[in-house]
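Thanks for coming, everyone. Please look at the structure on the screen, and I will walk you through it.

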Amino acid sequence: MEDVHDDVGGEFRGREMAVSESDAHESDYAVQNSEVDDTTDVQASREEDFQGIPWDRLSIPREKYRQTRLEGYKNYENIPNSGEGSGKDCSITEKGSLYYEFQCNTRSVKPTIHHFQLRNLVWATSKHDVYLMSNFSVIHWSSLSCTTSEILNVSGHVAPSEKHPGSLLEGFTQTKVSSLAVKDKLLVAGGFKGELICKHLGQPGVSFCSRTTDDNAVKNAVEIYDNPSGAAHFTASSNDCGVRDFDMETFQLSKHFRFPWPANHTSLSPDGKLLVVVGDNPDGMLVDAQNGKVVFTLQFCKLTLEPGNEGLLIWMRFL
């Protein structure tokens, strides 16, 4: 991830402002929609808008708004001009099949994204359980009961209730969370200043607090997994070019791999033998999960995100 400044997302917000007409109508909708109820499957079956947007009360129809958005929106690209030819290398999506069935859209649960590149802040642990960041709180939302509950609040002082080697007993104050992972009653939150906070769901307080000392140690992504022996671990991908692996029983650092560029995300293969690491580089790396040695270089010749006619399109091609 590119360096984070106090005015995070300023350039991104500037690009959004370019679509002046659609943004103006979006603001009109926001005012009218401030107290609109959630959208149910029954309402959707009556062809009401999934997002609850009252198009009949706006001065622009949905089709024109979407066309204006597509024409005026400028995609963010780490690699200049990478999006221009991406469509030529991908097959056209076949339409007409039923890929999902709409159930509900709630507007009472509002995730908070501090930086437009860091969006690993929403986790679904089941079909009905969602964990997300909302301002300085980790929130659990149930789609069955349509209720929310606060799991962790980091707006004030947070300190570990357990003692583990390497844990900062003084804890943190007002942590701005950049990444989140929840799995098997375990929660890990990473921060913009290199913070790591670990918590067992269902238990009071937090179990472990740690901080990377590097000045540019933003935790871009954290991921919880079970290693081949069955022990719970988590990886933290950081802007200091490091990928750290922790044992979640002892909260001790078990591995620390270093790369020539900031690590944005790391995923483990199902057999636990390989890691795929991507970051601020056109190429990704397939590495040995035990020693960090590069097994294969993944050459990404094109990578871009753009709004398509039916949602967000992700284009990626390997050489």
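**A quick tour**

The protein has four helices and 21 strands. Both are DSSP runs, numbered from the N terminus: helices are H or I with at least four residues, strands are E with at least two.

Some ground rules. This is a predicted model, where local features need pLDDT of at least 70, side-chain atom pairs count only at pLDDT 80 or more, and totals for chains, interfaces and linings use all residues. Residues are numbered from 1 along each chain as its sequence is written, and side-chain values use heavy atoms, with hydrogens and water left out.

Now confidence. pLDDT is the predictor's confidence in each residue, from 0 to 100. Its mean for the protein is 81, and 78% of the residues reach 70 or more. Over residues 4-34 it is below 50, and this stretch has 44 contacts (heavy atoms within 4.5 Å) beyond near neighbours in sequence. Residues 301-319 are also below 50, with 53 such contacts. Where pLDDT is low, the predicted coordinates should not be read in detail.

Next, burial. Of the 319 residues, 41% are buried. Buried means under 20% relative accessible area, exposed over 50%, and partly exposed in between, with a 1.4 Å probe and protein chains only.

On to salt bridges. The rule asks for a side-chain nitrogen of Lys or Arg within 4 Å of a carboxyl oxygen of Asp or Glu. The count is four. I will show some of them.

Take arginine 46 and glutamate 48. Their side chains meet at 3.0 Å, N to O. Arginine 46 is exposed at 52%. Glutamate 48 is partly exposed at 33%.

Then there is arginine 62 with aspartate 49, whose closest N and O atoms are 3.8 Å apart. Arginine 62 sits in helix α4 and aspartate 49 in the loop between α3 (41-45) and α4, so the pair ties together parts 13 residues apart in sequence. Is aspartate 49 buried or exposed? Buried, at 19%. Arginine 62 is partly exposed at 42%.

Now the strands. Arginine 211 bridges to glutamate 195, with the closest N and O atoms 3.6 Å apart. Arginine 211 is in strand β12 (208-211) and glutamate 195 in strand β11 (195-200), so this pair links parts 16 residues apart in sequence. Glutamate 195 is buried at 6%, while arginine 211 is partly exposed at 35%.

One last stop: tyrosine 99. Tyrosine 99 lies in the loop between α4 (62-72) and β2 (104-105). With 62% relative accessibility, tyrosine 99 counts as exposed. Thank you.
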